[in-house]
Amino acid sequence: MPPPQVAATLDGVQIGDPIECHVAPDTAHAAGCVVRGAGARSAVAGQPAAFRILARDRFGNSVRQSGEKFQVELHVAGSTPVAADVYDEGDGVYAVSYTVQRGGRYGLHISIRGLPLAGSPFEVL
């Protein structure tokens, strides 16, 4: 697909040649990001669980640069929150892994810039 072009007109007559334009995505936004993978829904005590966060802007466009800071924790009643490890893959994808030590229903809290991602907290069984 060719890149979009912009052309200027005056009184219906084109002025100069059209120019190519590139529209970059905005920065990652909590409402647009997507969570994928089994570890966002289930885990086994004592075994690593994993999933990915796909960075998206508020319009749903893929954000391909790195450097976003996602906060990820699992909460279960009567226990200290479990922090997850977040690895920036450098292309707008963030690999997340964690290990819980006891069974139960956990709330998986994911946020960026203090705002929860759509659907957070996710229920992990």
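**Charged pairs and the core**

A: Let's start with Arg52, which has a relative accessibility of 39% and so counts as partly exposed (buried is under 20% relative accessible area, exposed is over 50% and partly exposed is in between, using a 1.4 Å probe and protein chains only). Keep in mind that this is a predicted model, where local features need pLDDT of at least 70 and side-chain atom pairs count only at pLDDT 80 or more, while totals for chains, interfaces and linings use all residues. Residues are numbered from 1 along each chain as its sequence is written, and side-chain values use heavy atoms, leaving out hydrogens and water.

So what does Arg52 pair with? Its partner is Glu89, in a salt bridge of 2.8 Å from N to O (a side-chain nitrogen of Lys or Arg within 4 Å of a carboxyl oxygen of Asp or Glu). The two sit 37 residues apart, with Arg52 in strand E4 and Glu89 in the loop between strands E7 and E8 (strands are DSSP runs of at least two residues, numbered from the N terminus). Glu89 is partly exposed too, at 31%.

The structure holds four salt bridges. Another of them joins Arg58 and Asp26, with 3.6 Å between the closest N and O atoms. Arg58 is in the loop between E4 and E5, and Asp26 in the loop between E2 and E3, so this pair ties together parts 32 residues apart in sequence. Arg58 is exposed at 51%, whereas Asp26 is partly exposed at 35%.

Then there's Glu123 with Arg105, whose closest N and O atoms are 2.8 Å apart. Since Glu123 lies in strand E11 and Arg105 in the loop between E8 and E9, the pair ties together parts 18 residues apart in sequence. Glu123 is partly exposed, at 47%, and Arg105 is exposed, at 56%.

Now for the core. The largest nonpolar core has 26 residues, and those with the most contacts inside it include Phe51, Ile53 and Leu117 (such a core is a set of buried Ala, Val, Leu, Ile, Met, Phe, Trp, Tyr and Cys residues joined through side-chain atoms within 4.5 Å). E4, E5, E8, E9 and E11 each supply at least two of its residues, and the largest share, four residues, comes from E9. Take Ile53: leaving aside neighbours within four places in sequence, its contacts include Phe70, Val72, Val96, Ile110 and Leu117 (contact means heavy atoms within 4.5 Å).
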